[in-house]
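Visitor: I am new to this structure. Could you show me how to read its features, step by step?

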Amino acid sequence: ADALRVNEVLTNLDLSGNNIGGETDYIKASEVEGESKQVGAMVIYEGREMVVSQGVDSDGDLKLRDTAGVLAIAKALEVNGV
């Protein structure tokens with residue numbers, strides 16, 4: 001949002017219909033690398049850095065959110081201009 005305020009070209013960006021930053025289905029916590037598996041922790045799953053969105057449940061499963069797309073768009077907006 002801050003990037004849009006100083007951006008001279010793009011004034012509105014609606015990504016509501018996009019799956020950027022989508023959440024995984026339940027996966028086994030044992031398949032995830034990282035010191036913590038608590039909500040908000042950064043972990044590695046299948047070679048990608050992701051954030052724990054739902055902590056480990058009684059079955060040993062958790063959910064992750066991939067923030068790479070969101071971060072890439074934010075970075076692009078920082079330098080976008082005329």
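This is a predicted model: local features need pLDDT of at least 70, side-chain atom pairs count only at pLDDT 80 or more; totals for chains, interfaces and linings use all residues.

Visitor: Which residue in S4 is the bridge partner of Ile27?

Guide: That partner is Leu62.

Visitor: In what order do the four strands lie in the open sheet?

Guide: The order is S1-S4-S3-S2, with antiparallel pairing. Strand S1 (27-28) and strand S2 (42-45) are the edge strands, and each pairs on one side only.

Visitor: How do I place the sheet in the chain?

Guide: Read along the sequence. The protein chain follows α-β-β-β-β-α. That pattern holds two helices and four strands.

Visitor: How are aromatic rings described?

Guide: For a pair of rings, one gives the distance of the centres and the angle of the planes. Here the count of aromatic pairs is zero, with centres required to lie within 6.5 Å.

Visitor: What sits over the ring of Tyr26?

Guide: The charged end of Lys63 does, 4.6 Å from the ring centre.

Visitor: What share of the residues is buried?

Guide: Buried means under 20% relative accessible area. In the protein chain, 24% of the 82 residues count as buried. The accessible surface is about 5800 Å², and carbon and sulfur atoms hold 49% of that surface.

Notes:
Residues are numbered from 1 along each chain as its sequence is written. Side-chain values use heavy atoms; hydrogens and water are left out. Two strands pair if DSSP finds at least two bridges between them. Rings of Phe, Tyr and Trp (its six-membered ring) pair if their centres lie within 6.5 Å; planes under 30 degrees apart count as stacked, over 60 as edge-to-face and the rest as tilted. A charge sits over a ring if NZ of Lys or CZ of Arg is within 6 Å of the ring centre and within 35 degrees of the ring normal. Buried means under 20% relative accessible area, exposed over 50%, partly exposed in between (1.4 Å probe, protein chains only). Accessible areas come from the Shrake-Rupley method with a 1.4 Å probe; for residues, only the protein chains shown count as cover.
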